[in-house]
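My notes follow in the order I made them.

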Amino acid sequence: MMLVAEARSAGTPAMGGGVLAARERSGADAETFIRAVYAQHGTVLLRYAARRLRGDWHRAENILQEAVVRPQLDSSRHAGALGTAPETMRPWLFAVVRDLLIDDHRAQALRPVTPEALEDLTGQQREILRHMYFDGSSVAEVSVLLGVPWERVKSRTYYAMRALHRALAARGVHG
């Protein structure tokens, strides 16, 4: 992790006095504060987030970045809870990461899987569904557009919808 290595090489205090004490000594320098948080807690928080995200290190890094910035942005509200020692800040940071993981999980659950499921279809199936459902064209319009009989448009639409239902079912979407 780049910031952890940079913080250690820059001589940012990693122990003794805590992260908030380092922030106070530096005149509330946000960069120094964030580097100190990464140095003291970044690795363990990143591993925790990645484990909860089933090894998705990119999302874990995003969550860690958000968690590290929060005490800096909202330190006056949480000053009593954070204290000045690293051991008092770590539980709070774990709670922040946990809350961010919950938010991330909820956001993932709300995102439609249809665009992903469409990737499982053939080009012809995607094309017919695009015309019929996304563009709102009628069977007659699609028939003229593609130069095929209307019966073939209906048949292709039926089989494309079946394939889409299978792709969605494979992703746990039923209905």
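Entry one, a charged pair. The model is a predicted one, and I began with Asp104, which forms a salt bridge with Arg59. The closest N and O atoms of Asp104 and Arg59 are 2.4 Å apart. I then checked where the two residues sit: Asp104 belongs to helix H6 (residues 86-110) and Arg59 to helix H4 (residues 57-73). They are 45 residues apart, and the pair links distant parts of the chain.

Entry two, accessibility of that pair. Is Asp104 buried or exposed? Asp104 has a relative accessibility of 16% and therefore counts as buried, the cut-off for buried being under 20%. For Arg59 I found a relative accessible area of 25%, so this residue is partly exposed.

Asp56 is at 24% relative accessibility and so counts as partly exposed.

Arg98 and Asp99 meet through their side chains in a salt bridge, and I recorded 3.1 Å, N to O. Arg98 has a relative accessible area of 37% and is partly exposed. Asp99 is partly exposed as well, with 36%.

For the whole structure, my search finds 4 salt bridges.

I turned to helix H9 (residues 139-146) and helix H10 (residues 150-170). Their axes come within 8 Å and cross at roughly 105°. An angle of 65 to 115 degrees counts as roughly perpendicular, and H9 and H10 are therefore roughly perpendicular to each other.

I listed the residues that make the contact. H9 contributes Val139, Val142, Ser143 and Leu146. From H10 come Trp150, Val153, Lys154 and Arg156. How do the residues of this contact divide into nonpolar, polar and charged, and how many are in each class? I get 5 nonpolar, 1 polar and 2 charged for the contact of H9 with H10.

Technical notes: Residues numbered from 1 in each chain as written. Predicted model: local features only at pLDDT ≥ 70, side-chain atom pairs only at ≥ 80, totals over all residues. Heavy atoms only, no water. Axes fitted to C-alpha atoms, helices over the stretch in contact; angles between N-to-C directions. Helix = DSSP H or I, 4+ residues; strand = E, 2+ residues; numbered from the N terminus. Parallel < 35°, antiparallel > 145°, perpendicular 65-115°, else oblique. Contact = heavy atoms within 4.5 Å. Nonpolar A, V, L, I, M, F, W, Y, C, P; charged D, E, K, R; others polar. Buried < 20%, exposed > 50% of the residue type's maximum accessible area, 1.4 Å probe, protein only.
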